[in-house]
Structures are given as structure tokens and as C-alpha cells.
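Trainee: Please take one part of this structure and look at it closely. Then lead me on from there to the rest of the chain.

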Amino acid sequence: MTFKDFDFEPQLLDGLEAMGYDKPTPIQEQAIPLILQNKDLIACAQTGTGKTAAYVLPILDKIAKSDHRHINTLIIAPTRELAQQIDQQVDGLGYFVGASSISVYGGGSGQAWDQQKKAIEEGTDIIIATPGRLIAMFTSAGAVDMSHLKHLILDEADRMLDMGFNDDIMRILTFLPATRQTLMFSATMPPKIRTLAKAILKNPEQINIAISKPAEGILQLAYMAYDTQKLALLKHVLTEKEHDSVIIFASTKEKVKDLGRELQRSGFSIKAFHSDLEQNEREDIMRAFKNKEVKILMGTDILSRGIDVDGISLVVNYDVPPDPEDYIHRIGRTARADKTGTAITFINPKDQRSFFDIENLIGVEITKLPLLEKLGEAPLYQPQIKTKKSFEKKPFHPKRRKK
Ligand code: AMP
């Protein structure tokens, strides 16, 4: 199948060529025809599957056929980083369509707010927004005319609910026309997502692309290590091979800051990315990382979804993520679009049960490498031996458990 099979407008095909997309990904193959037929849709798909273009392309095609006079599409995303990335894809793919878009998110300057507001009042084809700022926009002086809206898209709906945006989403709906096409994308499909889907979608089609499997090109490795051994191990992993771009995940923002400082002191080109930074600081860090001025980015799980940077060859999990799905999101930052990459996880004795859950979810036993001798003796990997804590823990996905 090629993009020509969708009968897209020539300007959109030009955008696809400029972006270097040759053929649709599976989610695009399935979602694009349904969206072109104006169906409501609930799609279970993770970042990295091409889900953004799966809804951006058919919408741009419809905009290309429209008169561009009204706000046509509203895309709601949980974080400003994701909103910015969606905006970049809209810009790139929609360049020749002449579609206009504006992203609306909190944290910027007063000037940014004025610009966003002006653009919306003057009319734009697509608004990409985080929930809180959008409500502020709707409720501030100066009416936003949403009466011609054709499409509402909720991206990473599960993350929005996790972040407590359910009421905000319901409130936003009150500003929108009831007759519209609604699309929901979510990496996971817990019951609360199904409830939301029931409330806001009409006879939706369903697509499920969440294979819960990391990309083929990722070499997954792990070390058993005590917490006291992890820093030296990290320095070893970062220096044993040359890497252009590396992401390190740790469990808490304090750890991210401490480790970032420690590695900076040791001469590594590293920046810590966390929620205490101002938005412009976050943007500067992300830009420097994308431009390869900074080699290593360190963060918590806020980095694991939606960060779309090419050429990341190594992902290090300094701690095991407690939720196996987060593991897949984290290591999905490497080996994007047919490239290869390595993901290395440090497992302390307390986290072995969580790691075992990850291995069960992805159906692969991940190779545990021997620790360097100079770091001392490593703990053994014995996830089935129940520590008090793991005994108390509820099993994850019991149906998928092999034993
Ligand atoms: P997403 O899942 O939307 O975060 O997209 C993941 C990455 O794949 C982004 O860098 C997109 O630009 C890229 N991408 C999306 N669709 C295609 C395609 N059909 N061919 C090549 N790259 C794509």
C-alpha cells in the first residue's frame, strides 16, 4: 500500500514526500480510510507507531478540500511537549496544503498567550492544545468561534486521565458543537478510557495496534546491581562505546537532578530534564539535545512519551520502571523508524519482580550481563523468590503470566 491509495490531494502528497514518508505504517493504513469516511474512532496505539500522522494526514486532506475559513480541528494533548511535536508534524505535512495551526499551552510568556489568542480569534485551521490552557482561552474575554469545528482529537487519552484532566475534557466539550467527528488515541485501554470513549464517541470504529512489544531493532540488556554500584556502572556504560545521543531514565526528579549534577562534574555532556524547569529552559534543553549539542538527556517518565528525537542509540533505565508499559515507552525512544539501538536496565534486588513482569509482558527473557569485577559482586536475579514487598504487591496482568 502507498499513500497514493488514499486519494490524497496532490499538495498533501508533496508534504509526505518532503517529510520522507514512503509508505503508511499499520495504524495509518487502518485509521486513514475510516477518518476520511468521517467515522468516530478509538485507536489503541503507542508513540512510535506513526499515530500522529494517522490522524493529521486525513484531516489535512479534508482541510485541503475546504475553504480554510473557520477553526476546523481541535487536537488535545496532555503535555506541551507532545502538543509541540504534533504541531511540527502538522507544519511539515501540511506545508503545501497551506493549513494554519497554532499550539496553545501553558507556561509561556504573556506575549505567547496574546499571540495564541490573536491567532485563534483571527481563525486558524487547527488548534493543538493542552486542556488547562484551552479552557483559559475559552473563558477569557473575546469569543472563540468553535461553531464550525469538524474534528476533535484526544491524543494520549490515557495519559490525560492519569494527569487528572477528565473534568477539563468534559468542560471543553461544552464549548464544541455536538455534531463533529471525534477521534481518541490512547497507548493503553484501561476501563476508564472505555468509559470516556462511551461518553464522547458515536458508534466508534476500533483499531488496536498496541502490540505491547518493543521495536525489533532494540537490543535489550540488563545488569543486576545494588544501588551503591549503579553510578559507577552508569559511567562505564556511557563510556564503553561512542554514542551520539543517550537518554537516561530515573525514578524521581531528585535522582535525576543529583545524577545529572554528578555526571556533569565528571565531564559528561548531560542535561537533566524535569518538571521544576521553566518552560523556556525545557525548550532550550530539548533543542540542544536534538541538535546534538548535548549528548545525554536525563529525566523521569515525562520524557518517555512523545519525545521524538532521531538518532538516540542508547536508553539507560537507571531504575526499573514500575509499570511494564512505561518500559516499552522508555526504550521506544531508541531504534525509531527502522534504526537500531540499545536499551540497558539496571535492576536492584527490590525491583526484580517488576522486571520479571516486564519480561512476561514482552515475552522475552532479557540478557543479564555480568557486572564489572571492580564494581564488586552483583546481586542474583531471583524474581520468583518473594520478598515481603513483592508478596504484598498485586500481580500485573495475571493472565499473561507464564507461570
Ligand atoms: P508517532 O507515533 O506519531 O510519535 O510517530 C513516530 C515517528 O515516525 C515520527 O518521527 C514520525 O515523523 C515518523 N513517521 C510517522 N509516519 C511515518 C511514515 N509513514 N513513514 C516514516 N516515518 C513516519
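Mentor: Asp7 counts as exposed, because its relative accessible area is 63%. Here exposed means over 50% relative accessible area, buried means under 20%, and partly exposed lies in between, with a 1.4 Å probe and protein chains only as cover. Asp7 sits in the segment before helix H1, which spans 10-19. Helices (H or I, at least four residues) and strands (E, at least two) are DSSP runs, numbered from the N terminus. Now check the backbone. The phi of Asp7 is positive, near 60°, and Asp7 is not a glycine. Most residues other than glycine have a negative phi.

A word on the source. This is a predicted model, in which local features need pLDDT of at least 70, side-chain atom pairs count only at pLDDT 80 or more, and totals for chains, interfaces and linings use all residues. Residues are numbered from 1 along each chain as its sequence is written, and side-chain values use heavy atoms, with hydrogens and water left out.

Next, Asn203. Its phi is also positive, about 40°, and Asn203 is not a glycine either. Find Asn203 in the loop between helix H9 (191-200) and strand E7 (205-208). Asn203 counts as exposed because its relative accessibility is 73%.

Glu365 is another loop residue. It lies between helix H14 (352-362) and strand E14 (367-369). Its relative accessibility is 70%, so Glu365 counts as exposed. Now take a distance. Glu365 and Tyr226 are 139 residues apart along the chain, and their C-alpha atoms are 21 Å apart.

Ala112 belongs to helix H5, residues 110-122. It has 22% relative accessibility and therefore counts as partly exposed. From Ala112 to Pro190 is 78 residues along the chain and 36 Å between C-alpha atoms.

Turn to a buried loop residue. Thr334 has a relative accessible area of 1%, so it is buried. It lies in the loop between helix H13 (324-331) and strand E13 (341-347). What does Thr334 touch, leaving aside its neighbours within four places in sequence? Its contacts (heavy atoms within 4.5 Å) are Ile218, Ile312, Ser313, Leu314, Val315, Thr340, Gly341 and Thr342. Ile126 is in another place: 208 residues from Thr334 in sequence, and 30 Å away, C-alpha to C-alpha.

Follow the chain into E13. This strand is mostly covered, with 7 of its 7 residues buried. Gly341, Ala343, Thr345 and Ile347 point one way. Thr342, Ile344 and Phe346 point the other way, and these are buried too. E13 has strand partners. Two strands pair if DSSP finds at least two bridges between them. Strand E8 (residues 218-224) runs parallel to E13, joined by 7 bridges. In that pairing Ala222 stands opposite Thr345. Strand E12 (residues 312-317) is also parallel to E13, with 4 bridges. There Asn317 stands opposite Thr345. Look for Thr345 in the model, with Ala222 and Asn317 across from it.

Strand E5, residues 151-154, is covered on both faces. His151 and Ile153 are buried on one side, and Leu152 and Leu154 are buried on the other. Strand E2 (residues 73-76) pairs with E5 in the parallel sense over 4 bridges. Thr73 stands opposite His151 there. E5 is also joined by 4 bridges to strand E6 (residues 181-186), again in parallel. Here the residue opposite His151 is Gln181.

Now step back to the whole chain. It holds 15 helices and 14 strands. Of its 403 residues, 54% are buried. Its radius of gyration is 22 Å, which agrees with the value near 22 Å for a compact globule of 403 residues. That radius is taken over C-alpha atoms, and the globule rule is 2.2 Å times the number of residues to the power 0.38. Along the principal axes, the C-alpha atoms fill a box of roughly 70 × 45 × 40 Å. Among contacts with a separation of 6 or more, 78% join residues 24 or more positions apart.

Last, the surface and the charges. The chain exposes about 18600 Å², and carbon and sulfur atoms supply 50% of that. The area comes from the Shrake-Rupley method with a 1.4 Å probe. The chain has 53 positive and 54 negative charges, and their mean positions are 6 Å apart. Lys and Arg count as positive and Asp and Glu as negative, while His and the chain ends are not counted. Each charge is placed at NZ of Lys, CZ of Arg, CG of Asp or CD of Glu.
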